Amino acid sequence: LVPRLRPFTATVFAEMTALAVRHDAVNLGQGFPDTDGPAGMLETAKNSLFGGDNQYPPGPGRPELRAAIARHRQRYGTDYDPDTEVLVTAGATEAITATLLALTEAGDEVIVVEPYYDSYAAAVAMAGAQRRVIGLTEAGDGRLELDLDAFRAAITPRTRAVLLNSPHNPTGTVFSRAQLSEVARLCVEHDLVAVTDEVYEHLVFDGGEHVPLASLPGMRERTVAISSAGKTFNCTGWKIGWVCSSAELVAAVKAAKQFITFVSGGPLQPAVAYALENELDWVEDLRTSLQEKRDRLSAGLADAGFAVRPSFGTYFVTADVRPLGFSDAAELAWALPERVGVVAVPVNVFTDHPDEWKHLLRFAFCKRNEVIDEAVERLRKLV
Ligand code: PMP
Ligand code: GLN
């Protein structure tokens, strides 16, 4: 393995899920739902599979899916031409990697917010670029915010792009319009490309709003907006994602994408198109139910003795292990499956500063209530 990829041999999700299987543990580690997506979507996929629709789809994605994606983005006030400004990818993961491969190279710097989703560091490394990590700061209400001073300080003449994820995995924070407006201003001032990972765009709680950076002044042409069907329609295994941006940036991403997977998920693409057009009420029910699950798990964790941090979106809540007498969440995470039969992910695996983040565990609440309750029951026996 080449040196630049040596830090990335095993993903924490694969390791934790393997541990869960070995110890028959309740898996609140890897974020995937344990119920299915809308029936109409599944039915559409079945019809494609049995209707002979099993060969390569067009390179940029099936036209009905690109049209549905463009229509969906109109909810944010942004218009994209489905023929030139939308590209279907193998999940958000390929979209992010292809974007970085297409737009950055050795000598370029990419600003990444920590904690960051694990594939970001690997994707920057694959492109040969350097990541410049900035952190989050705590606002008065316990909400984590972008550290805008650190962002300003991280910009150098070599900065090419900023990679932003909101709603944010793993913390569950959602960046505000005011903060994103300042990000937008800095991107315009310094001529940066923004890559926005919006896979949890529909999973914002308590009446909060998801603000796509691309919808802010001056940003549409310089933002590669990325999302995927996995979290919106409970189909993380389908790996149908997409990119919306200017024709120029989409063409660049496509140049890289076509030699990574070429195309993928042909028979699933019409089903995702169907879901984007017809199942947003189902998604609203999903959002409501996930908000209840967030409350259920947060209350249970607090009851078990954790100091639970507020989550405003995504599948995840984080909790400080110190009130239980532990000082190292990573150590606890490795022991947890065997000790009580629960899997969680230590937040510091998503950072370049493991000591600063060593007290937090991330728990996924995208599970059936009985699974959440069983995990809480087991965690109560921890001390
Ligand atoms: N970004 C974030 C923040 C994620 O949590 C995930 C995991 N689902 C992804 C990207 C990957 O999305 P996909 O499965 O569509 O590749
Ligand atoms: N996005 C999911 C998480 O954060 C996992 C995706 C994966 O396993 N790569 O848990």
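Mentor: What follows covers the ground rules, then the ligands, a helix pair and a sheet.

Trainee: What should I know about the model and the numbering?
Mentor: This is a predicted model, where local features need pLDDT of at least 70, side-chain atom pairs count only at pLDDT 80 or more, and totals for chains, interfaces and linings use all residues. Residues are numbered from 1 along each chain as its sequence is written, while chains are lettered from A and ligands numbered from 1 in the order in which they are written.

Trainee: Which residues are closest to ligand 1?
Mentor: Gly91, Ala92, Thr93, Asn169 and Ser228, out of 13 residues that surround ligand 1. A residue counts as near if its C-beta atom, placed from the backbone, lies within 6 Å.

Trainee: Which helix gives the most to that shell around ligand 1?
Mentor: Helix α4, residues 91-103, with 3 residues. Helices here are DSSP runs of H or I with at least four residues, strands are runs of E with at least two, and both are numbered from the N terminus.

Trainee: How does the shell around ligand 1 divide by class?
Mentor: Into 3 nonpolar, 8 polar and 2 charged residues. Ala, Val, Leu, Ile, Met, Phe, Trp, Tyr, Cys and Pro count as nonpolar, Asp, Glu, Lys and Arg as charged, and the others, Gly among them, as polar.

Trainee: And which residues are around ligand 2?
Mentor: Thr11, Phe13, Gln30, Gly31 and Asn169. That shell has 1 nonpolar, 4 polar and no charged residues.

Trainee: Back to α4. At what angle do α4 and α9 cross?
Mentor: Roughly 105°, with the axes of α4 and α9 (residues 247-257) coming within 8 Å. Axes are lines fitted to C-alpha atoms, for helices over the stretch in contact, and angles run from 0 to 180 degrees between N-to-C directions. The two helices are therefore roughly perpendicular, a label for 65 to 115 degrees.

Trainee: What makes the contact?
Mentor: Among the residues are Glu94 and Leu101 of α4, and Val253 and Lys257 of α9. Contact requires C-beta atoms, placed from the backbone, within 7 Å. By class, the α4 contact with α9 has 8 nonpolar, 1 polar and 2 charged residues.

Trainee: New topic: in what order do the strands of the open sheet run?
Mentor: β11-β12-β15-β14, 4 strands with antiparallel pairing. Two strands pair if DSSP finds at least two bridges between them. β11 (307-308) and β14 (345-346) are the edge strands, each pairing on one side only.

Trainee: What packs on the sheet?
Mentor: Helix α11, residues 280-303, which touches β11, β12 and β15.

Methods
Two residues are in contact if their C-beta atoms, placed from the backbone, lie within 7 Å. Angles under 35 degrees count as roughly parallel, over 145 as roughly antiparallel, 65 to 115 as roughly perpendicular and the rest as oblique.
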